[in-house]
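Trainee: Could we go through this structure together? I would like to begin with individual residues.
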Amino acid sequence: MTTSKKPTARRPRSPKPAPAPDPCGTCAGSGETTTAVRVGRKRREIGATQTGLCPDCLGTGIA
């Protein structure tokens, strides 16, 4: 009785790292946007600004 060689097993490949997602174009990756404060019935702008969540990425900073 002859012994036959086993076929060599392939080594599993290591997964490639995922590419980094692009930063959001609206907030440049910070997750916040600034807008001028408007007051009054005619919506005039005053010299103040306020920050809020980016409407495109919802604060994650990733597009």
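Trainee: Is Thr-33 buried or exposed?

Mentor: Thr-33 is buried, with a relative accessible area of 18%; buried means under 20% relative accessible area, exposed over 50%, and partly exposed in between (1.4 Å probe, protein chains only). Please note that this is a predicted model, in which local features need pLDDT of at least 70 and side-chain atom pairs count only at pLDDT 80 or more, while totals for chains, interfaces and linings use all residues. Residues are numbered from 1 along each chain as its sequence is written, and side-chain values use heavy atoms, with hydrogens and water left out.

Trainee: Where is Thr-33 found, and which residues does Thr-33 touch?

Mentor: Thr-33 is found in strand β1, residues 32-39. Helices (H or I, at least four residues) and strands (E, at least two) are DSSP runs, numbered from the N terminus. Leaving aside residues up to four places away in sequence, Thr-33 touches several residues, including Cys-27, Gln-50 and Leu-53. Contact means heavy atoms within 4.5 Å.

Trainee: Cys-27 is among those contacts. How many disulfides are there?

Mentor: The count comes to zero disulfides, a disulfide being a pair of cysteine sulfur atoms within 2.5 Å. Cys-27 is in no disulfide, and the nearest cysteine sulfur, that of Cys-57, is 3.7 Å away.

Trainee: Changing topic, how many salt bridges does a search of the whole structure find?

Mentor: The search finds one, where a salt bridge is a side-chain nitrogen of Lys or Arg within 4 Å of a carboxyl oxygen of Asp or Glu. Arg-38 forms it with Glu-45, with the closest N and O atoms 3.3 Å apart. Arg-38 is partly exposed, at a relative accessible area of 46%.

Trainee: And the backbone: what is phi of Arg-43?

Mentor: Phi of Arg-43 is near 55°, a positive value in a residue other than glycine. Arg-43 lies in the loop between β1 and β2. Phi of Leu-58 is also positive, near 55°; Leu-58 is placed in the segment after β2 and is exposed, with a relative accessible area of 65%.

Trainee: What does Ala-63 touch?

Mentor: Ala-63 touches Asp-22, Pro-23 and Cys-24, not counting residues up to four places away in sequence. Ala-63 is exposed, with a relative accessible area of 75%.
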